[in-house]
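This briefing goes through one protein structure, topic by topic. Please keep the sequence and the 3D view open while reading.

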Amino acid sequence: MRKKIADFLKKDIVLLISFCLALLSCLITPPGPAYLGYIDFHTLILLFCLMLIVEGLREADFFLYIGGAILNRTSSKRGLSLTLVFLCFLSSMFITNDVALITFVPFGILILEMAQMESRICYLIVLMTIGANLGSMFTPIGNPQNLYLYSLSGLSLPAFLRLMLPFTALAAVLLALFSFFGTERGSIRIQIGRTAFPGKEKLLFYGILFLFCLCSVSGFLPDPALLVLVGAPLLFRNRTLFTRIDYSLLLTFVFFFIFVGNIDHFESLRTWIRSILEGHERLVSILASQVISNVPAAMLLSSYTSRFQELIIGTNLGGLGTLIASMASLISYRQISSRYPKKKTHYIGIFTVCNLLFLLILYLVF
């Protein structure tokens with residue numbers, strides 16, 4: 001049993017770090033009933049329900065069906081590049097950046113091999129990864145830190161979309177330019193076997209559940225009601241979904257909630273963090289994301305400022321940069337390293353250069 005727990009923690013380094021930090025912080029404030037007050041149950045319940053719905057749609061091959069239908073209409077190399085990148089960019093707004101990459105990166109590698117574009121695989125997978133990380137910043141449900149900061153900020157849904165629209169629009173332009181001019185001209189002939197249509201009844205079912213989540217995001221539906229309305233039907237219809245969602249992400253949130261709640265009692269540390277954060281929330285959150293990734297950075301820094309809009313922008317832009325700035329980026333890296341082990345160094349080089357270029361442009365323009 002101990003070995004299984006150790007293996008589980010080794011596979012998720014952020015979970016391990018969050019567990020160690022939570023454990024150490026218990027020296028400041030011993031465990032007690034007050035710990036329940038640290039935890040943002042709204043974020044956890046909403047994230048849990050969204051993961052169940054997205055996993056159900058993935059199981060039904062809904063995303064592969066959409067991707068295949070679009071790619072079957074693509075006849076040029078540049079068109080293929082744009083399609084793969086924007087599949088990740090647009091889908092991540094609704095299914096999160098990590099799910100978009102889990103779904104479309106293996107699919108993209110297969111399609112690029114069929115199109116005999118192996119020489120551009122590293123470059124295009126990097127752009128797909130950037131696309132998922134930047135597309136997800138547009139909506140509150142696009143990534144975990146948005147979900148968390150949105151619930152703290154008190155922003156309305158339209159206000160959040162307006163805040164992130166300029167960054168998302170510029171990101172779309174940059175992705176289009178990098179995809180188009182980074183791919184040589186040429187035609188392709190590939191025909192992807194059609195994935196079966198999931199069925200109207202199934203799509204309607206998951207669509208209604210997704211609508212419940214949007215009602216919760218907008219504040220119209222209480223968290224316990226959302227849990228019942230999403231969880232109960234899925235327990236009866238497809239209980240195996242509960243075994244396949246990312247519980248390590250939920251645990252990471254819980255551990256960081258405990259850590260942040262405990263260090264809030266350490267006055268000298270609070271004062272120091274506030275002093276470096278004040279007036280520099282965007283830059284500090286970008287820099288912190290490079291070291292501890294953007295989700296933990298959002299959770300840590302949110303206790304020391306009320307300028308949540310700056311944190312939202314900073315942690316979203318902070319997903320660019322190092323390989324761990326957004327943990328979703330590791331999904332693509334693992335796919336490349338397992339399929340093309342000799343290209344790992346080449347991939348990291350392209351990844352770092354492209355990410356830094358996107359980060360500098362998006363940060364400096366605004």
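**A buried threonine in a loop**

Threonine 139 is buried, because its relative accessible area of 9% falls under the 20% cut-off. The model is a predicted one.

- Threonine 139 sits in the loop that runs between helix 8 (121-135) and helix 9 (144-153).
- Its side chain reaches two backbone atoms: the oxygen of methionine 93 at 2.4 Å, and the nitrogen of glycine 142 at 3.1 Å.
- With neighbours within four places in sequence left aside, threonine 139 is in contact with Met93, Asn146, Phe160 and Leu161.

**Nonpolar cores**

- In soluble globular proteins, nonpolar side chains tend to be buried together.
- The largest nonpolar core here holds 115 residues, and those with the most contacts inside it are Leu80, Leu134, Met164, Leu234 and Phe253.
- Helix 4 (residues 41-59) supplies the largest share of this core, with 12 residues.
- Leucine 80, one of the residues with the most contacts inside the largest core, is in contact with Leu71, Thr74, Ile111, Leu112, Ala115, Met117 and Ile188, leaving aside its neighbours within four places in sequence.

**Salt bridges**

- The count of salt bridges comes to eight.
- One of them pairs glutamate 55 with arginine 244, with the closest N and O atoms 3.5 Å apart.
- Glutamate 55 lies in helix 4 and arginine 244 in the loop between helix 12 (223-237) and helix 13 (247-263), so this pair ties together parts that are 189 residues apart in sequence.
- Glutamate 55 counts as buried at 14% relative accessibility, whereas arginine 244 is partly exposed at 35%.
- Arginine 244 also forms a salt bridge with glutamate 59, where the closest N and O atoms are 2.6 Å apart.
- That pair links distant parts of the chain as well, since glutamate 59 is in helix 4 and arginine 244 in the loop between helix 12 and helix 13, 185 residues apart.
- Glutamate 59 is partly exposed, with a relative accessible area of 40%.
- Arginine 339 and glutamate 113 meet through their side chains in another salt bridge, at 2.6 Å from N to O.
- Here the linked parts are helix 18 (residues 329-339), which holds arginine 339, and helix 7 (residues 97-114), which holds glutamate 113; the two residues are 226 residues apart.
- Arginine 339 is partly exposed at 48% relative accessible area, while glutamate 113 is buried at 19%.
- Through shared partners, salt bridges join Glu55, Arg58, Glu59 and Arg244 into one network.

**Helix 5 and its cover**

- Which residues of helix 5 (residues 62-71) are buried? They are Phe63, Gly67, Gly68, Ala69 and Leu71.
- The cover over these buried residues includes helix 4, helix 6 (77-95) and helix 7.
- Leu71 of helix 5 is also among the contacts of leucine 80.
- The C-alpha atom of alanine 69 is separated by 32 Å from that of leucine 357, and the two residues are 288 residues apart along the chain.
- Leucine 357 is placed in helix 19 (residues 344-365) and counts as partly exposed at 39% relative accessibility.

**A nonpolar surface patch**

- Val173, Leu177, Phe180 and Phe181 form a nonpolar patch on the surface, and together they have about 380 Å² of accessible area.
- Phenylalanine 180 belongs to helix 10 (residues 157-181) and counts as partly exposed at 31% relative accessibility.

**Positive phi angles**

- Most residues other than glycine have a negative phi.
- Glutamine 116 is not a glycine, yet its phi is positive, at about 55 degrees.
- Glutamine 116 lies in the loop between helix 7 and helix 8 and is exposed, with a relative accessible area of 67%.
- Serine 293 also has a positive phi, near 75 degrees.
- Serine 293 is in the loop between helix 15 (281-292) and helix 16 (294-301), and is buried at 1% relative accessible area.

How values were computed
Residues are numbered from 1 along each chain as its sequence is written. This is a predicted model: local features need pLDDT of at least 70, side-chain atom pairs count only at pLDDT 80 or more; totals for chains, interfaces and linings use all residues. Side-chain values use heavy atoms; hydrogens and water are left out. Patches are made of residues with over 30% relative accessible area and no salt bridge: like charges are joined within 9 Å, nonpolar side chains (Val, Leu, Ile, Met, Phe, Trp, Tyr) within 5 Å. Accessible areas come from the Shrake-Rupley method with a 1.4 Å probe; for residues, only the protein chains shown count as cover. A salt bridge is a side-chain nitrogen of Lys or Arg within 4 Å of a carboxyl oxygen of Asp or Glu. Helices (H or I, at least four residues) and strands (E, at least two) are DSSP runs, numbered from the N terminus. Buried means under 20% relative accessible area, exposed over 50%, partly exposed in between (1.4 Å probe, protein chains only). A polar contact is a pair of N or O atoms within 3.5 Å; within protein, one must be able to donate a hydrogen and the other to accept it, and residues adjacent in sequence count only if both atoms are side-chain atoms. Contact means heavy atoms within 4.5 Å. A nonpolar core is a set of buried Ala, Val, Leu, Ile, Met, Phe, Trp, Tyr and Cys residues joined through side-chain atoms within 4.5 Å.
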